[in-house]
Amino acid sequence: MIYERLRTVPTADELLDQAFRRALRPAKAGKGRGIVSIQRSMVQTVADVLSVRLLKTVHDFPNFDELSPFYYELTETIVGIERLKMSLASVQWAGNKVRSIARDYQRKIAHGDPVHVRKQAYARIASIVHEVDENLRFLNDARGKLRKLPEISGVPTIIVAGYPNVGKSSFVRRVTDAKPEIAAYPFTTKGIYIGHFSRDNLRYQVVDTPGLLDRPLDSRNSIELQAISALKHVGDLVLLLIDPAEHCGYPLTAQLSLLHEIEQTLAIPVLAVANKCDLADFHGEWEYKISTETGYGVDDVVQRAIEIMGVAGREREEDLAGARNTDMAVLA
Ligand SMILES: Nc1nc2c(ncn2[C@@H]2O[C@H](COP(=O)(O)OP(=O)(O)OP(=O)(O)O)[C@@H](O)[C@H]2O)c(=O)[nH]1
Ligand SMILES: [Mg+2]
């Protein structure tokens with residue numbers, strides 16, 4: 001995952017401590033050298049250590065404009081891209097500024113009391129680094145949040161939605177192999193569950209998003225809404241489970257209106273599937289009915305999902321080939 005490699009961003013004081021400590025080495029090693037030369041190399045060492053670490057911090061972050069839409073939207077939601085760019089620009093400025101101060105003082109040291117002038121250089125450099133302390137802290141905080149983002153990419157992906165207790169997790173468990181991976185979402189307490197299965201030597205991904213696509217959207221805060229909207233970039237199909245027996249505790253009408261909302265909002269194909277058909281009070285005419293308990297109908301639904309994703313995938317490729325950037329039509 002793109003943010004996994006981000007290193008801890010040090011604070012201004014941590015950076016300065018490290019730089020000043022390193023500069024004691026030339027000071028100690030310099031016995032026998034002239035005082036001007038020693039003071040110069042102290043300033044140079046401080047500037048080198050600081051500028052390298054500041055600029056490394058900047059280069060650790062990806063170019064946001066090249067992020068996939070999924071990560072772009074989540075980054076925007078979680079930390080804000082404009083603020084990130086501003087902080088990175090400030091840190092870069094500080095890295096360069098420290099270098100140019102060091103350059104100035106190389107000359108000045110020869111024209112005054114070398115120790116005194118070196119201390120002046122230290123003070124100026126320290127004040128530059130302190131100036132960007134807030135940005136460094138912001139970046140470290142952002143790093144902490146971004147590193148937790150789940151890895152979901154690549155293979156065709158089914159997103160499982162539906163009211164609580166309709167059988168989403170049972171579905172994911174039934175169709176995917178082994179235990180699903182669980183990735184933390186920084187804005188929910190529940191995490192997201194990702195399982196895989198293979199058909200005809202192709203791999204597919206099934207994502208269970210407890211707490212995200214299981215209630216009316218108008219009850220959502222803006223962070224949740226943006227998180228939901230980011231899902232459209234990673235999902236090729238929403239499989240919306242309905243529990244017509246209302247065994248889940250939610251009325252069928254509410255479940256159908258969630259179906260409608262998701263069709264409107266995500267602009268990717270939605271496949272509605274009635275679950276728990278083994279129950280006595282299961283009712284209604286459904287194109288797809290299954291029981292994740294007995295396994296009835298599950299295979300047909302998986303097959304249908306794969307077909308829809310195949311069509312959607314081809315349409316998407318054609319879209320890209322035509323360099324059009326339109327949202328995909330709802331196939332429902
Ligand atoms: N009879 C019957 N019960 C089912 C079926 N599918 C799920 N259940 C039961 O419904 C309950 C909820 O199933 P889950 O898979 O946990 O539902 P969920 O949608 O993941 O629920 P949340 O994670 O809370 O949103 C469990 O008690 C399941 O055993 C089914 O096909 N038939
Ligand atoms: Mg669940």
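**View 1. The loop between S3 and S4, with Asn 201.** In this predicted model, in which local features need pLDDT of at least 70, side-chain atom pairs count only at pLDDT 80 or more, and totals for chains, interfaces and linings use all residues, Asn 201 sits in the loop between strands S3 and S4, where strands (E, at least two residues) and helices (H or I, at least four) are DSSP runs numbered from the N terminus. Residues are numbered from 1 along each chain as its sequence is written, while chains are lettered from A and ligands numbered from 1 in the order in which they are written. Although Asn 201 is not a glycine, its phi is positive, at about 65°.

**View 2. The hairpin of S3 and S4.** Strand S3 (residues 192–199) and strand S4 (residues 202–208) run antiparallel and are joined by 7 bridges, pairing being assigned if DSSP finds at least two bridges between two strands. Ser 198 stands opposite Arg 203 in S4. The hairpin has 2 residues between its strands, and Asp 200 in the turn has a positive phi of about 45°.

**View 3. Glu 246 in the loop between S5 and H9.** Glu 246 lies between strand S5 (237–242) and helix H9 (252–266), and has a positive phi of about 60° although it is not a glycine. With 20 other C-beta atoms within 10 Å, Glu 246 is therefore buried.

**View 4. The largest nonpolar core.** This core, a set of buried Ala, Val, Leu, Ile, Met, Phe, Trp, Tyr and Cys residues joined through C-beta atoms within 7 Å, has 80 residues, and Val 160, Val 238, Leu 239, Leu 240 and Val 273 have the most contacts inside it. It draws at least three residues from each of domain 1 (12–146) and domain 2 (157–321), with bounds taken from an automatic or database domain assignment. Beyond its neighbours within four places in sequence, Val 160 is in contact (backbone-placed C-beta atoms within 7 Å) with residues including Lys 168, Phe 171, Val 206 and Leu 239.

**View 5. Val 302 in helix H10.** Val 302 belongs to helix H10 (residues 298–321) and counts as buried because it has 20 C-beta neighbours inside 10 Å. Val 302 and Leu 239 are 63 residues apart in sequence and 9.7 Å apart in space, C-alpha to C-alpha.

Methods
A residue is buried if 20 or more other C-beta atoms lie within 10 Å of its own, exposed if 12 or fewer, and partly exposed in between; C-beta atoms are placed from the backbone. Two residues are in contact if their C-beta atoms, placed from the backbone, lie within 7 Å.
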